[in-house]
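Please look at the model shown here, taking a single residue as the starting point and then turning to the way the chains meet.

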There are 2 protein chains.
Amino acid sequence: MTKRAVVLLSGGLDSATTAAIARSEGFELFALTVDYGQRHKHELAAAERVARALSVRRHLVAAVDLSRFGGSALTDRIDVPKDRPVDEMASGIPVTYVPARNTVLLSLALGWAETLGAGDLFVGVNAVDYSGYPDCRPEFLDKFAELANLATKAAVEGTLRFVLHAPLIDMTKAQIIRRGMELGVDYRLTHTCYDPDERGTACGRCDACRLRLRGFTEAGFSDPLDYV
Amino acid sequence: MTKRAVVLLSGGLDSATTAAIARSEGFELFALTVDYGQRHKHELAAAERVARALSVRRHLVAAVDLSRFGGSALTDRIDVPKDRPVDEMASGIPVTYVPARNTVLLSLALGWAETLGAGDLFVGVNAVDYSGYPDCRPEFLDKFAELANLATKAAVEGTLRFVLHAPLIDMTKAQIIRRGMELGVDYRLTHTCYDPDERGTACGRCDACRLRLRGFTEAGFSDPLDYV
């Protein structure tokens, strides 16, 4: 039987590449998109497009409303910073930090994985360009894997051993894009912008757009996305 | 300033007692109830009654639909076992196990706690009567606390240190009930049954009812709840 993997799929460039890597390693993909009360739905539409393009076995969208907690530019009315030089983004924890986001996302992935009999979880976190997020660090991921193997019936009974894969963890954005291009990822389907217009067109000026655009330039490709 | 605590409040006997203990320790309470697609809403109504009775500062109900994952008698159509002797319940992991439930609940509590500036999380898990659940064990809770202190901006920046309180962890049901009675918990407001009738009246025969009833008997009190 093909081994199953649960992949957290946001619809962004990193998670699309991560899913393509998981598929290239022979896993049967179960994609989980968590709708945590983001400000716009363009990310969810992108996740659907990417899931379809990768022929995942199943794509599940789970809603959990983190916006009611407050505390982040991605779910609150705080302004998204614009035109910041990429080198300044690394200083401190970004205002776009969502409290405990990756802990929540991975917990949901774990619950679904246990039900599916999937021991492998893939997540597109990256410690290079997002060094400001505490829950994108290797020590966080290692600890979550330890937790997963204590938290679940399948692990305790020995029928599953959970492994957390973060294939992008040490890659620069340019390296991620090069790897994705090798694997045939269609980056036109992805959505990266924190602050798109009504139609979903990327602003090109928020931290996420600037990192993405610099990544394409450094990788030697042009970004197939349209920008405002 | 009074120290804030987030308390996971299901509406059951254990979480009501846990919240009363947290209040008796001087914390200002923020109660989080997670609606994870349970089969009935009587638990949610009980959580509201208990929150009101304990004068919590805020009661938040967060919805996350674990039932779409499948795999448990609490969210699926699997039959709830009836009339099992209490001594048999401890063997193996119960069919009422929900994959990664406590990991998901604690992750949500952590996200809200960080936003509130609350370093203390209270959870009513118990390793005596629920030894079959992997995520009710002390080693799971210790690991989650380690994770919380790696996962969050507040912990990394040193403004909060997360402490996970599980005051019931080593108590029998009878000890829990005695402690709650001392603290004035009104157990008539709580809901325990896995399989109530339409009006929410407890069955008295599922594992949860049987544990509760035996606890009251051993504690030397009569259960104020009505049973079918």
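**From one residue to the interface**

His165(A) has 20 C-beta neighbours inside 10 Å and therefore counts as buried, the threshold for that class being 20 or more. The model is a predicted one, and within it His165(A) is found in strand E5 of chain A, which covers residues 163-165. When its neighbours within four places in sequence are left aside, His165(A) is in contact with Asp120(A), Leu121(A) and Phe122(A). Gly132(A), by comparison, is 33 residues away from His165(A) along the chain, and the C-alpha atoms of the two are separated by 20 Å.

We can now turn to the contact between the chains. To this contact chain A gives 37 residues and chain B gives 37 residues. On the side of chain B that touches chain A, at least two residues each are supplied by strand E3 (58-63), helix H4 (101-116), helix H5 (138-151) and helix H6 (153-156) of chain B. H4(B) provides the largest share of that side, with ten residues. By residue class, the side of chain B that touches chain A divides into 21 nonpolar, eight polar and eight charged residues.

How the chains are arranged remains to be described.

Notes. Residues numbered from 1 in each chain as written. Chains lettered and ligands numbered in written order. Predicted model: local features only at pLDDT ≥ 70, side-chain atom pairs only at ≥ 80, totals over all residues. Helix = DSSP H or I, 4+ residues; strand = E, 2+ residues; numbered from the N terminus. Buried ≥ 20, exposed ≤ 12 C-beta atoms within 10 Å, placed from the backbone. Contact = placed C-beta atoms within 7 Å. Nonpolar A, V, L, I, M, F, W, Y, C, P; charged D, E, K, R; others polar.
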